Amino acid sequence: MCLVFVCDEDERVLQRQAAPGACPYCGGMVQALDVESQWRFCFLPLYFKTKRRYYCTLCTRRLIVQ
């Protein structure tokens, strides 16, 4: 039985930098990551999007900015 994956999602970290503020859970430093996500169909890129995500450096939780 041959199973072929024709769709793929790839995420890549472009840049890391310190963000202002502290983690509300542990008080650690917050780090901002610029992440590029890419969807491919049969090895052809279809969709690119860059997002900024915030993580704590001590407890490694993803923080949501509201």
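Okay, let's start with Arg61, which sits in the loop between β3 (44-56) and β4 (62-63). Strands here are DSSP runs of E, at least two residues long, numbered from the N terminus. Before I go on: this is a predicted model, where local features need pLDDT of at least 70, side-chain atom pairs count only at pLDDT 80 or more, and totals for chains, interfaces and linings use all residues. Residues are numbered from 1 along each chain as its sequence is written, and side-chain values use heavy atoms, with hydrogens and water left out.

Leaving aside neighbours within four places in sequence, Arg61 is in contact (heavy atoms within 4.5 Å) with Tyr25, Tyr54, Tyr55 and Cys56.

Now the sheet. We've got an open sheet of four strands, in the order β1-β2-β3-β4, with antiparallel pairing; two strands pair if DSSP finds at least two bridges between them. At the edges are β1 (7-22) and β4, each pairing on one side only. Strand β2 (residues 29-41) and β3 run antiparallel, joined by 12 bridges, and Trp39 stands opposite Tyr47 in β3.

Last one: Ser37, in strand β2. Ser37 is buried, because its relative accessible area is 7%. Skipping residues up to four places away in sequence, Ser37 touches Glu9, Asp10, Glu11, Tyr47, Phe48 and Lys49.

Methods. Buried means under 20% relative accessible area, exposed over 50%, partly exposed in between (1.4 Å probe, protein chains only).
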